[in-house]
Amino acid sequence: MLDIFLHFLTMTSNTITVLVTGAAGYIGCHVVLELLQSEYDIVAIDSFITSQKTERKGSLPPSLERVHKLTNRPISFHMVDLLDSGTLTSVFKQHKIDCVIHCAGVKGVRESYESPLKFYQNNLEGTINLLNVMEEARVRKILFASTCTMYGNPEYLPMDERHPVMISRISPYSRTKVFCEEILKDICSSNKEWKVLSLRYFNPVGSHESGMIGEYPNGVPSILIPLACFVALGLQPEVQIFGNDFETRDGTAMRDYVHISDLASCHLNALNKLFYSNFSGWKAYNLGSGKGYTVTEVIETLEKTSGKIISKRIVPRRSGDAVASYADITLAEKELGWKAERGLEKMCQDAWRWHSQNPNGYDLKGKQRYISG
């Protein structure tokens with residue numbers, strides 16, 4: 001068992017300590033950054049299934065090393081697989097944890113159809129193990145990273161939290177999130193001390209404005225903006241646009257993209273609700289920009305930002321693709337006091353800064369991971 005433990009400073013007894021799962025990943029490291037800047041203490045865990053691990057024994061993973069440089073704040077890190085209950089329990093015994101932000105898990109709609117057991121085991125069993133260990137430690141506050149993909153093809157727009165979820169029409173990945181939410185609801189019903197918020201992410205993109213941390217995809221990106229950046233860098237040959245005959249402003253499909261820093265900042269608002277209100281039980285919130293951007297608008301904005309021509313090709317629609325999908329974020333604004341502030345241009349600017357400065361992700365050896373053509 002590999003256990004990396006870094007503790008730079010002695011934690012004060014009156015500071016809230018948050019355990020972040022999947023902390024070295026794209027969303028996790030941005031959340032850690034926001035929390036550190038707001039004086040929370042952090043215990044970070046990751047198994048490196050979807051993130052890059054350190055190559056130096058006893059050091060932080062590269063994303064969290066950069067977060068530490070940005071904040072000059074301590075990070076206690078452990079390499080932990082949530083399927084290993086014993087190691088996870090030891091982390092809770094070493095630290096006085098007040099709350100958990102659960103970002104860990106495998107993601108990807110397409111991959112989940114190819115490897116459903118991988119998704120059910122990691123996302124469901126891992127979450128159940130985490131909740132069992134939390135209950136044993138009497139830590140009963142958790143923010144759960146959920147997804148808008150559970151809504152499937154929209155029945156109405158914008159989609160609010162009451163939008164129906166049709167289990168038979170969504171991917172195995174999306175089902176794992178639905179099942180986890182149902183488990184969380186049941187726990188809250190059985191014990192009134194539990195406080196659970198499910199944060200249903202729409203499409204997080206961009207990076208921290210420093211360009212030091214960002215998305216490090218395993219393989220070719222499936223999200224439009226990272227893929228378009230790869231094309232602009234010559235790491236992929238083109239962006240395929242799946243259909244140009246949708247009933248939208250320009251005929252291409254429309255999606256809700258939200259800046260990763262806006263998304264991460266909402267976790268602070270959500271923690272305030274858990275710790276400083278009389279809330280108990282379970283509740284879900286949509287986290288998006290509340291706006292729809294078409295594929296063409298995204299590519300044109302990124303071309304303007306990067307100064308590059310992005311090769312693109314129209315191909316037939318994919319079966320089941322929605323015409324448009326975007327969030328109603330009224331509830332998050334009303335109850336959490338949160339609203340996305342950064343628009344599409346800022347998303348593209350920060351995404352391009354990250355990808356152009358870090359074309360190999362966190363690999364400082366300069367080995368190119370993708371070949372165009």
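Where does Pro 158 lie? Pro 158 sits in the loop between β5 and α6, and a cis peptide bond with an omega of about -10° joins Leu 157 to Pro 158.

## About the model

This is a predicted model, in which local features need pLDDT of at least 70 and side-chain atom pairs count only at pLDDT 80 or more, while totals for chains, interfaces and linings use all residues. Residues are numbered from 1 along each chain as its sequence is written, and side-chain values use heavy atoms, with hydrogens and water left out.

Helices (H or I, at least four residues) and strands (E, at least two) are DSSP runs, numbered from the N terminus.

## The sheet

Seven strands make up an open, parallel sheet, in the order β3-β2-β1-β4-β5-β6-β11. Each of the edge strands, β3 (76-79) and β11 (281-287), has a single partner strand, so one side of each is left without a neighbour in the sheet. From one strand to the next, the twist averages 20°. Two strands count as paired if DSSP finds at least two bridges between them. As background, strands of a sheet pair through backbone hydrogen bonds, either parallel or antiparallel.

Let us walk through some of the pairs. Strand β2 (residues 41-46) pairs with β3 in the parallel sense over four bridges, and Asp 46 stands opposite Met 79 in β3. Four bridges also pair β1 and β4 in the parallel sense, with Val 100 in β4 as the bridge partner of Leu 19. Between β4 and β5, which run parallel, there are three bridges; here Ile 101 stands opposite Leu 143 in β5.

Strand β4 has buried residues (under 20% relative accessible area; exposed is over 50%, and partly exposed is in between, with a 1.4 Å probe and protein chains only). Cys 99 and Ile 101 point one way from β4, Val 100 and His 102 point the other way, and all are buried.

Contact means heavy atoms within 4.5 Å. Axes are lines fitted to C-alpha atoms, for helices over the stretch in contact, and angles run from 0 to 180 degrees between N-to-C directions. Helix α8 (residues 260-276) lies across β1 (17-21), β4 (99-102), β5, β6 and β11, and runs at about 160° to β6.

Helix α3 (residues 85-94) has Thr 87, Leu 88, Thr 89, Val 91 and Phe 92 as its buried residues. Their cover includes β1, β2, β3, β4 and α5 (116-137).

## Places to look at on the outside

Lys 312 lies in strand β13 (residues 312-315) and counts as partly exposed, at 44% relative accessibility. Leaving aside neighbours within four places in sequence, Lys 312 is in contact with Glu 238, Val 239, Ile 241, Ile 299 and Glu 303.

Asn 72, with a phi of about 55°, lies in the loop between α2 (62-71) and β3 and is exposed at 63% relative accessibility. Arg 138, with a phi of about 60°, lies in the loop between α5 and β5 and is exposed, with a relative accessible area of 68%.
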